[in-house]
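Please look over the sequence and the fold together before reading on.

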Amino acid sequence: MIPKGNSESNIQRFTGYSHLYDQYRPEPPAIVPDILSSYRGERPSLVVDVGCGTGLSTYIWRDHADRVIGVEPNDDMRNTASSKLALVDQDAPITFVPGYSNELPVESECADIITCSQSFHWMEPVSTLKEFHRVLKDGGIFAAYDCDWPPSLDWRLEEKYLHITSKADRLIDSFVAREEQAMKRDKEQHLDQMRQSGAFRFTKEIVFHHSEQCDADRYVGLAFSQGGVQTVLKHSSTDLDEDIADFRALAEDYFNGRTLEVLFSYRMRIGVK
């Protein structure tokens with residue numbers, strides 16, 4: 001049974017395309033463990049990555065922590081994360097477990113760092129932050145971090161990307177009942193929610209950037225990896241087909257067979273218990 005405060009629609013939004021998600025989404029840059037370990041003041045003995053998805057945000061800790069637990073309620077995403085262990089490093093101190101942000105399967109005051117990468121906006125913040133306070137050690141760090149969509153490269157590509165994702169949201173409103181839709185909270189409220197929780201002695205927002213290589217296929221794939229676009233496609237709708245075809249043609253023309261550096265901008269909100 002799903003604990004109170006969790007949404008079945010939010011969890012199932014990511015079912016059916018975990019491999020596509022894992023293929024196109026960026027792995028968080030190395031600066032993430034560097035920043036958080038610095039704020040902790042020592043190498044973490046335990047990092048808990050909540051809403052870890054396919055493990056992109058979990059595996060970055062494999063050389064930076066003694067033990068890492070990825071917590072993910074979606075079976076499809078978690079199974080993809082687990083299946084990579086043998087490929088990435090079967091001896092890595094990483095485990096993936098089912099669980100919910102407000103009911104974590106770990107002991108009290110055991111974690112040095114808790115992270116939510118591209119995931120905190122899917123969680124009920126009050127009960128989640130209360131649970132994070134229970135799990136963190138004194139002086140432990142919570143970090144909710146996200147990258148901006150789309151990555152910065154060319155205004156025409158970005159305009160088309162935003163058109164597709166916005167249209168997907170409008171289509172969902174037209175054929176999915178409101179009570180069955182996933183609830184995505186405003187990321188701009190993360191820091192205020194952390195401050196209002198009373199769980200942290202210090203809070204701050206940190207902004208940084210990271211470049212990754214990208215070709216036309218990946219740039220289009222980033223749009224395909226968005227939950228709204230996938231929701232429309234899973235409903236067998238063809239309403240995005242023409243827009244996607246135009247976007248792909250635009251991307252192929254712009255990249256012209258090249259692999260280019262694109263800029264991902266990140267916003268990290270941290271709290272110190």
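**An enclosed helix and its surroundings**

The buried residues of helix H9 are covered by elements that include helix H2 (18–24), H7, strand E6 (202–214), helix H10 (227–234), H11 and strand E7 (260–272), where contact means heavy atoms within 4.5 Å and where helices (H or I, at least four residues) and strands (E, at least two) are DSSP runs, numbered from the N terminus. This is a predicted model, in which local features need pLDDT of at least 70 and side-chain atom pairs count only at pLDDT 80 or more, while totals for chains, interfaces and linings use all residues. Residues are numbered from 1 along each chain as its sequence is written, and side-chain values use heavy atoms, with hydrogens and water left out.

Eight of the nine residues of H9 (residues 216–224) are buried, so this helix is largely enclosed by the rest of the structure; buried means under 20% relative accessible area, with a 1.4 Å probe and protein chains only. The buried residues of H9 are Ala216, Arg218, Tyr219, Val220, Gly221, Leu222, Ala223 and Phe224.

Helix H7 (residues 155–175) and helix H11 (residues 241–255) meet at an angle of about 160°, with their axes 10 Å apart, the axes being lines fitted to C-alpha atoms, for helices over the stretch in contact, and angles running from 0 to 180 degrees between N-to-C directions. That makes H7 roughly antiparallel to H11, a term for angles over 145 degrees. Among the residues making the contact are Leu157, Tyr161 and Ile164 of H7 and Ile244, Phe247 and Leu250 of H11.

Seven strands form an open sheet in the order E3-E2-E1-E4-E5-E7-E6, with mixed pairing; two strands pair if DSSP finds at least two bridges between them. Strand E3 (94–97) and E6 are the edge strands, each pairing on one side only, and the twist averages 20° from one strand to the next. Strand E4 (residues 111–117) and strand E5 (residues 136–147) run parallel and are joined by six bridges, and Cys116 has Ala144 in E5 as its bridge partner. Helix H6 (residues 125–135) packs on the sheet, touching strand E1 (47–50), E4 and E5, and its direction makes about 135° with that of E5.

Helix H3 (residues 31–40) has as its buried residues Val32, Pro33, Ile35, Leu36, Ser37 and Arg40, and what covers them includes E4, E5, E6 and E7. Just after H3, Gly41 takes a positive phi of about 90°.

Key. Angles under 35 degrees count as roughly parallel, over 145 as roughly antiparallel, 65 to 115 as roughly perpendicular and the rest as oblique. Buried means under 20% relative accessible area, exposed over 50%, partly exposed in between (1.4 Å probe, protein chains only).
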